[in-house]
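Thanks for coming, everyone. Let me put the structure up, and then we'll go through a few spots in turn.

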Amino acid sequence: MKLLITSNIPEKIYDELKENFEITYHDSNVPLKKEEIIEKIKGHDALLCPLSDKIDKDVIDTSDNLKIIANYGAGFDNIDINYAREKGIVVTNAPAPASAISTAELTFGLMLASARRIVSGDKVTREGKFYGWRPTFYLGSELKDKTLGIIGLGNIGKNLAKRAKAFEMNVIYYSRTRKEDFEKEFVLKYMEKDDVIKNSDFLSLHTAFVPELRHMISKKELEMMKKSAILINASRGPIVDEDALADALIENKIAGAALDVYEKEPKVNEKLLALDNVILAPHLGNATFEARLEMGKNAKDNLIDFKNGKTPKNKVN
């Protein structure tokens, strides 16, 4: 079988795939344009691609031989899975338990960096504006006794809550399904979504993205938040209305924000780029050696199982 890989992947995963497939490899982290994917996929039986590659009807129709699309990651909203199903093409994803831990740790890092103004402090130091220790210079906030509000208590939200309790934070949450056993074990408090938004010192978003959740956090919700609150989004970009967020930060309606994902990724809202009270990370949520290797193993196994006539473990359509 001929396999097209559209992005650089860990060497260990590539070597194992090379033993099983005839590979066309785009060995780069610079994404291919849609036209380039269309050109390269011709004549291939299988496709391995990252979440950032849009695999729509035009791409799917290009190769008459295409039988499987394996996404390198847990998400698969970049693929037209319904059209793939119509064409008899299997689509798989690659969830990884390590991904939830990595994303929770990244989220906690963003929370600490925001509370203690680490990123803008680095900038001040590099600009030569650090004149030595002073009692009121560059003050931030402790996390102890602050309230962390989590919207979406899945695996990432749960891992974040555990870490917050270790820092002696109060944790409140909203989730479509209440997690009463977890609440009792880790002393969390369930609230309705608006109450979580109103009562949080740090509001962290961890919902899966569906179209009806677009702009779940917009002008109305931002005006509900405490003026001292910090918003963190390491879930999906479209959940936050970036124009409304930028306006809230400019007008000091909230104290700050930290984003790892963007509404029109990889493009970042120009107004946000100009602000010092927002941290902008390049989608690092599960960017750890552990998580990406685990994802790669799952993606590789999906492809090899399919080649060997088995149903892939992570088939999503």
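**A buried leucine and a helix pair**

L259 has 1% relative accessibility, so it counts as buried, the cut-off being under 20%. Keep in mind that this is a predicted model. L259 lies in strand β11, residues 256–259. What does L259 touch, leaving out residues up to four places away in sequence? The contacts are N233, L245, L272, V278, I279, L280 and A281. V240 is 19 residues from L259 along the chain, and their C-alpha atoms are separated by 9.7 Å.

Now the helices. Two packed helices are described by the angle between their axes and the distance between the axes. Here we take α5, residues 97–115, and α7, residues 155–166. Their axes come within 8 Å and cross at roughly 50°. That angle makes α5 oblique to α7. The crossing is right-handed.

Who makes the contact? On α5, it is A100, I101, T103, A104, E105, T107 and F108. On α7, it is N155, I156, N159, L160, R163 and A164. By class, that contact has 7 nonpolar, 4 polar and 2 charged residues.

Stay with α7. Its 12 residues should span 16 Å at 1.5 Å a residue, and the end C-alpha atoms are 17 Å apart, which agrees. Which residues of α7 are buried? They are G157, N159, L160, A161 and A164. These buried residues pack against α5, β6 (147–151), β7 (170–174), α8 (180–186) and β9 (202–205).

Conventions:
Residues are numbered from 1 along each chain as its sequence is written. This is a predicted model: local features need pLDDT of at least 70, side-chain atom pairs count only at pLDDT 80 or more; totals for chains, interfaces and linings use all residues. Side-chain values use heavy atoms; hydrogens and water are left out. Axes are lines fitted to C-alpha atoms, for helices over the stretch in contact, and angles run from 0 to 180 degrees between N-to-C directions. Helices (H or I, at least four residues) and strands (E, at least two) are DSSP runs, numbered from the N terminus. Angles under 35 degrees count as roughly parallel, over 145 as roughly antiparallel, 65 to 115 as roughly perpendicular and the rest as oblique. A crossing is left-handed if the near helix is turned anticlockwise from the far one by less than a right angle, and right-handed if clockwise. Contact means heavy atoms within 4.5 Å. Ala, Val, Leu, Ile, Met, Phe, Trp, Tyr, Cys and Pro count as nonpolar, Asp, Glu, Lys and Arg as charged, and the others, Gly among them, as polar. The expected span of a helix is 1.5 Å times one less than its number of residues. Buried means under 20% relative accessible area, exposed over 50%, partly exposed in between (1.4 Å probe, protein chains only).
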